[in-house]
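Here are a few notes to read alongside the coordinates.

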Amino acid sequence: MVYLNEGHIKELGFNWEENIETIKKSVECMINDDYAQPIKPYLRYKEKTNRIIAMPAFVGGEINKAGIKWISSFPQNIKNGLPRAHSVVILNDADTGVPSGILNSGSVSAIRTASVSGMITKHYLEAKNPKSVKVGIIGFGPIGQYHLDMCYSLLKDKCEEIRIFDLKGVNTELINNEELKAKVVVVDSWEEAYLEADVFMTCTVSKATYINKQPKPGSLHLNISLRDYKAETYEWFAKAIIVDNWEEICRENTDIENFHLEKGLLKEDTKSILDLVSENIFLTLEESQAVMFNPMGMAAFDIAISQNYVRRAMKNKVGIFLN
């Protein structure tokens, strides 16, 4: 069994193409019903903004791993100099149940999240084939930083500019790639990042919705933080709302749950991530239709990404090997 911590994950690096392909293979397992993933429970106590989530899953195919992610989110940690989120993943051999890996790293969760967004973005780019792309990002914590790196690796020369807004300010010294840094424009409001974006991402920990403007026609919205869009924006996205899993995401005060309660959005009105992979639904939409992707976060993806890192760690002899 191998143990990987934050340092080991960073040593192995971020191969976005490989991670995105791993997510795609996971979705293909879901399409073939070669997976298992119960609804994840939320553990809350004392301060109700805090939560710890259990995320068990099995993914078949060439991944063929079972496991569980145990992830905490304590927003006030930031005031005490601690990361908001902490996660541990335990992997088990799918055929024997024997533990094969432990990953104690918040990066794994961030990599999974950005890789799912990357797969959606890749399908969008293949369908639209734009000559240039403007990107908007709200929130520049770890999730925003990973999305910035992922998005630029996909867009490369097509990236015209990346506008970033964060209530606490944007530290551009965290961007190590000078070519990427040259594309970044720090703006003073979410509207400046939002209104002209072809690809727009919410990477916040917002407690209250605030986005109330019409999106750019034909734009892709990666609603990663799930609680930023006011219900009044529903009419602009109604014909092109994609979710990873309806049962997971239509709860916990997400924008999707609010669309459901306030605007009557139903499961059959949405498309799933499975629909996107089996038939690129971007090809079926009107050119001017804005798209909103809402990922609650699927345990199967965490297991797949974790297994990919364990496989690479074994190959490169990275990590701590335990009896």
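1. Is Cys159 buried or exposed? Cys159 is buried, because its relative accessibility is 1%. Please keep in mind that this is a predicted model.

2. On to the cysteines and their sulfur atoms. The count of disulfides is zero. For Cys159, the closest cysteine sulfur belongs to Cys151 and is 6.6 Å away, which is too far for a bond. Cys203 is in no disulfide either, with the sulfur of Cys151 again the nearest, at 10.0 Å. Like Cys159, Cys203 counts as buried, because its relative accessibility is 9%.

3. Next, the sheet. Eight strands form an open sheet with parallel pairing, in the order E10-E9-E8-E11-E12-E15-E13-E14. Strand E10 (184-186) and strand E14 (271-272) are at the edges; each has a single partner strand, so one side of each lacks a neighbour in the sheet. Strand E8 (residues 133-138) runs parallel to strand E9 (residues 159-165), and six bridges join the two. Within this pairing, Gly136 has Arg163 in E9 as its bridge partner. Helix H3 (residues 106-128) packs on the sheet, where it touches E8, strand E11 (199-202), strand E12 (220-222) and E15. The direction of H3 makes about 175° with that of E12.

4. The nonpolar core is worth a look in your viewer. The largest one has 98 residues, and the members that touch the most others are Leu103, Ile120, Val135, Leu148, Ile162, Met201 and Ile256. Neighbours within four places in sequence aside, Val135 contacts Cys151, Leu155, Glu161, Ile162, Arg163, Ala197, Val199 and Met201. As a general background, nonpolar side chains tend to be buried together in soluble globular proteins.

5. What is around His221? This residue sits in strand E12, and His221 counts as buried because its relative accessibility is 0%. Beyond its neighbours within four places in sequence, His221 is in contact with Tyr194, Phe200, Pro215, Tyr229, Phe237, Val291, Met292 and Phe293.

6. Helix H9 (residues 255-263) has Asp255, Ile256, Glu257, Asn258 and Phe259 buried. These buried residues pack against helix H7 (234-237), strand E13 (241-243), helix H8 (246-249) and strand E15 (291-294). Just after H9 comes Gly264, with a positive phi of about 80°.

7. Finally, the charged pairs. The whole structure holds 13 salt bridges. One of them joins Lys122 and Glu17, at 3.0 Å from N to O. Lys122 is in helix H3 and Glu17 in helix H2 (residues 16-31), so this pair ties together parts 105 residues apart in sequence. Lys122 is partly exposed, at 28% relative accessibility, and Glu17 is partly exposed too, at 38%.

8. Another salt bridge pairs Lys69 with Asp302, with the closest N and O atoms 2.9 Å apart. Because Lys69 is in strand E5 (residues 65-73) and Asp302 in helix H11 (residues 299-316), the pair ties together parts 233 residues apart in sequence. Both Lys69 and Asp302 are buried.

9. Glu287 and Lys128 also meet in a salt bridge, at 3.9 Å from N to O. Glu287 is in the loop between helix H10 (273-278) and E15, while Lys128 is in helix H3, 159 residues apart. At 61% relative accessibility Glu287 counts as exposed, whereas Lys128, at 22%, is partly exposed. Elsewhere, Glu18, Arg311 and Arg312 are linked in a network of salt bridges.

Methods: Residues numbered from 1 in each chain as written. Predicted model: local features only at pLDDT ≥ 70, side-chain atom pairs only at ≥ 80, totals over all residues. Heavy atoms only, no water. Core = buried A, V, L, I, M, F, W, Y, C linked by side-chain atoms within 4.5 Å. Buried < 20%, exposed > 50% of the residue type's maximum accessible area, 1.4 Å probe, protein only. Contact = heavy atoms within 4.5 Å. Disulfide = S-S within 2.5 Å. Helix = DSSP H or I, 4+ residues; strand = E, 2+ residues; numbered from the N terminus. Pairing = 2+ DSSP bridges. Axes fitted to C-alpha atoms, helices over the stretch in contact; angles between N-to-C directions. Salt bridge = Lys/Arg side-chain N within 4 Å of Asp/Glu carboxyl O.
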